Amino acid sequence: MVDARGLSCPMPVIMTQKAMKSKENYYEVMVDAQAPLENVTRYAQSQGYKVEVEDKGGEYLLKISK
């Protein structure tokens, strides 16, 4: 799991990019703001992944899968 809570962009996207270099079929990314939520989602989709977002009361768990 990538824990990007408390970080501003572009760090959550960079952390997600690094994790995706392993070429897995599933990742989880935790963010706590709207901008990283949107940016990580956009990046993952551009790489051919589907993104499900689970709202954890002000924090967001992004479930990223092929």
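1. Among contacts in the chain between residues at least 6 apart in sequence, what percentage join residues at least 24 apart? The figure is 59%, where a contact means heavy atoms within 4.5 Å.

2. Basis of the note. The model is predicted: local features need pLDDT of at least 70, side-chain atom pairs count only at pLDDT 80 or more, and totals for chains, interfaces and linings use all residues. Residues are numbered from 1 along each chain as its sequence is written, and side-chain values use heavy atoms, with hydrogens and water left out.

3. Overall dimensions. Along its principal axes, the C-alpha trace spans about 30 × 20 × 20 Å. Buried residues account for 35% of the 66 residues (buried is under 20% relative accessible area, exposed over 50%, partly exposed in between, with a 1.4 Å probe and protein chains only).

4. Elements. The chain contains 2 helices and 4 strands, arranged from the N terminus as β-α-β-α-β-β. Both kinds of element are DSSP runs numbered from the N terminus: helices are H or I of at least four residues, strands E of at least two.

5. The 4 strands form an open sheet in the order 1-2-4-3, with mixed pairing; two strands pair if DSSP finds at least two bridges between them. Strand 1 (2-3) and strand 3 (50-55) stand at the edges with a single partner strand each, so one side of each lacks a neighbour in the sheet. Strand 3 pairs with strand 4 in the antiparallel sense over 6 bridges, and K50 stands opposite S65 in strand 4.

6. Helix packing. Helix 1 packs on the sheet, touching strand 1, strand 2 and strand 4, and its direction makes about 165 degrees with that of strand 2. Helix 2 also packs on the sheet, touching strand 2, strand 3 and strand 4; its direction makes about 0 degrees with that of strand 4. Axes are lines fitted to C-alpha atoms, for helices over the stretch in contact, and angles run from 0 to 180 degrees between N-to-C directions.

7. Buried side of helix 1. In helix 1 (residues 11-20), the residues P12, V13, T16 and M20 are buried. They lie on the same side of helix 1, because they cover an arc of only 100 degrees around the axis (the arc is that of the directions from the helix axis to the C-beta atoms). Their cover includes strand 2 (26-31), helix 2 (34-46) and strand 4 (60-65).

8. Nonpolar core. Such a core is a set of buried Ala, Val, Leu, Ile, Met, Phe, Trp, Tyr and Cys residues joined through side-chain atoms within 4.5 Å. The largest one has 16 residues, of which M20, V29, V31, L62 and I64 touch the most other members. Helix 1, strand 2, helix 2 and strand 4 each supply at least two of its residues, and helix 2 gives the most, with 4.

9. Residues of strand 4. L61 lies in strand 4 and counts as buried because its relative accessibility is 7%. Not counting residues up to four places away in sequence, L61 touches M1, E28, V29, M30, E52, V53, E54 and K56. S65 is also placed in strand 4 and, at 19% relative accessibility, counts as buried.
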